[in-house]
Amino acid sequence: MKKLIIFLIILVLGISSVVAQQDPGNYDESKVPAYTLPDPLVFNNGSKVLTKRDWVKRREEIHKLFSEEVYGIIPKWHGKLEVISVSPKKNFFDGLATREEVLLKIINGEKELKVLILIYLPNSSKPAPVFLGYNFYGNHTISNEPDISLTSAWTRNNDLYRISGHKAAEASRGMLASRWPIKKILSRGYGLVTLHYGDVDPDDSNGFNNGAHALFAQQRDSTSWGSISAWAWGLSRVMDYLETNPKIDSRKVFLIGHSRLGKTVLWAGASDKRFAMVVSINSGRVGAALTRRIFGEPLEYINTAVPYWFCDNFRKYTGRENLLPVDQHELIALIAPRPVYVASAEDDLWADPKGEFLSCVAASSVYHFLGKMGFPSQTMPSVNHPVIGTIGYHIRTGNHDVTLYDWQCFMDFADFHFKNY
Ligand code: GCU
């Protein structure tokens, strides 16, 4: 009898978790509840932002709210970097580029973290503007080149990319090359800098004992940093290194990230003003999409499946989205006046394309306040018709992915803002 009861409990739990995973979320526009967004130009105490000085203070206020209530506080950094090795390959891609693998040690007192950075630079006499983005499964997955080192860090398992046992594998070499059109990027004069996000923090609920978290001896509380903050912190450390590399124009480092890494780059760009531009692709819930617009991925889902991406405080907003002191348009506003590009995909309803677009519109008041264009339209662009201002947006055909079309739009956007290099 006891065994039967246990069996029934397991069965019910099993069925309900499958049901929860099958099709959670609202996909009916008519069921999106009415909501009022917090105004980025009004202080918490209700007074208005009237001057640029006011904005500096209000910006700090918003950043603090995102730190304490959403992503967790990124600790102050007083450590140092050491370049362990640089393996250059000159006249790469028929003389188009130079490739470098840089093994970097990030040191905090007695503790250290090693990250392996892969860099492609166009052969030019001038320092190159670069796109900087994490990859999901290791540098060797972004290209078929046989001599790109495999990461030794904890890697997510993925049957499709033939990764199991959390170890990067030779069999996954080049499996994600379609997302990284390296030659096209180089031929337009841009460089590419990438590293595996697992090098900085394993994407696993591991008690925050490894990766970037392990560098800091910290008592955890409800505002402590989650993994997205750790990944954002890692991008800043890579930036510290890029600033020392004379072949790179560190005033033109453009962050790029897809999905959870799209959430990460928005937060990284909001937290570190050295990044000149941010490109966020299919970032959805707690990325570019408005949280109060209940459509696509529910907050409940993300807070249950991957709570360690955020600080503990964030969990209290599940089902109480209207109580959040911020919404995601303010994350974009924190990046102002720097350019931001948000990319959606027509079939990626999980990431709520309309919510991503509306965020761009709502962030624009801050751009206007700072004398910039913001997003130049109130109407959602039609599919495959990018619209660009200081904020750019497109929705393309297809699904949750990064395509050559996306990259072409991002490079057009970078040309538009930074071509005079
Ligand atoms: C899940 C998660 C999304 C996230 C995505 C990803 O689908 O629910 O919020 O963006 O993973 O990062 O791949």
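**Figure 1. Asn-384 sits in the loop between α9 (353-369) and β9 (387-388).** This close-up, like the others, shows a predicted model. Phi of Asn-384 is near 65°. That is a positive value in a residue other than glycine. How accessible is Asn-384? Its relative accessibility is 30%, so Asn-384 counts as partly exposed.

**Figure 2. Asp-94 also has a positive phi, of about 55°.** Asp-94 is not a glycine either. Look for Asp-94 in the loop between β1 (80-92) and β2 (97-108). Is Asp-94 buried or exposed? Asp-94 has a relative accessible area of 83%, so it is exposed.

**Figure 3. A cis peptide bond joins Ala-336 and Pro-337.** Omega of this bond is about 5°. Where is Pro-337? Pro-337 lies in the loop that runs between α8 (329-335) and β8 (340-345).

**Figure 4. Helices α2 and α6 pack at an angle of about 140°.** Helix α2 spans residues 52-71, and helix α6 spans residues 260-271. Their axes are 11 Å apart. Angles over 145 degrees would count as roughly antiparallel. At about 140°, α2 and α6 are therefore oblique to each other. Their crossing is left-handed. Which residues meet here? From α2 come Arg-59, His-63, Phe-66, Ser-67 and Tyr-71. From α6 come Trp-267, Ala-270 and Ser-271. The residues of this contact of α2 with α6 divide into four nonpolar, three polar and one charged.

**Figure 5. Helix α5 (residues 227-242) packs on α6 at an angle of about 60°.** The axes of α5 and α6 lie 9 Å apart. The angle makes α5 oblique to α6. The crossing of α5 with α6 is right-handed. On the α5 side, Ile-228, Ser-229, Trp-231, Ala-232 and Leu-235 take part. They meet Arg-260, Leu-261, Lys-263, Thr-264, Val-265, Trp-267 and Ala-268 in α6. The residues of the contact of α5 with α6 divide into eight nonpolar, two polar and two charged. Find Trp-267 in this view: it meets α5 here, and Trp-267 also meets α2.

**Figure 6. Phe-413 is buried in the model.** Phe-413 belongs to helix α10 (residues 404-418). Its relative accessible area is 0%, so Phe-413 counts as buried. What does Phe-413 touch, leaving aside its neighbours within four places in sequence? Its contacts are Met-277, Pro-339, Val-340, Tyr-341, Ile-388, Gly-389, Thr-390, Ile-391 and Gly-392. Phe-413 and Asp-39 are 374 residues apart in sequence. In space, they are 27 Å apart, C-alpha to C-alpha.

**Figure 7. Leu-50 is exposed, with a relative accessible area of 64%.** Leu-50 is placed in the loop between α1 (2-22) and α2. Leu-50 and Asn-209 are 159 residues apart in sequence. From C-alpha to C-alpha, Leu-50 and Asn-209 are 44 Å apart in space.

**Figure 8. The cysteines form zero disulfides in a search of the whole structure.** A disulfide is a covalent bond between the sulfur atoms of two cysteines. The cut-off for a disulfide is within 2.5 Å. Cys-409 is buried, with a relative accessible area of 7%. Cys-311 is buried too, with a relative accessible area of 1%.

Technical notes
Residues are numbered from 1 along each chain as its sequence is written. This is a predicted model: local features need pLDDT of at least 70, side-chain atom pairs count only at pLDDT 80 or more; totals for chains, interfaces and linings use all residues. Side-chain values use heavy atoms; hydrogens and water are left out. Axes are lines fitted to C-alpha atoms, for helices over the stretch in contact, and angles run from 0 to 180 degrees between N-to-C directions. Helices (H or I, at least four residues) and strands (E, at least two) are DSSP runs, numbered from the N terminus. Angles under 35 degrees count as roughly parallel, over 145 as roughly antiparallel, 65 to 115 as roughly perpendicular and the rest as oblique. A crossing is left-handed if the near helix is turned anticlockwise from the far one by less than a right angle, and right-handed if clockwise. Contact means heavy atoms within 4.5 Å. Ala, Val, Leu, Ile, Met, Phe, Trp, Tyr, Cys and Pro count as nonpolar, Asp, Glu, Lys and Arg as charged, and the others, Gly among them, as polar. Buried means under 20% relative accessible area, exposed over 50%, partly exposed in between (1.4 Å probe, protein chains only).
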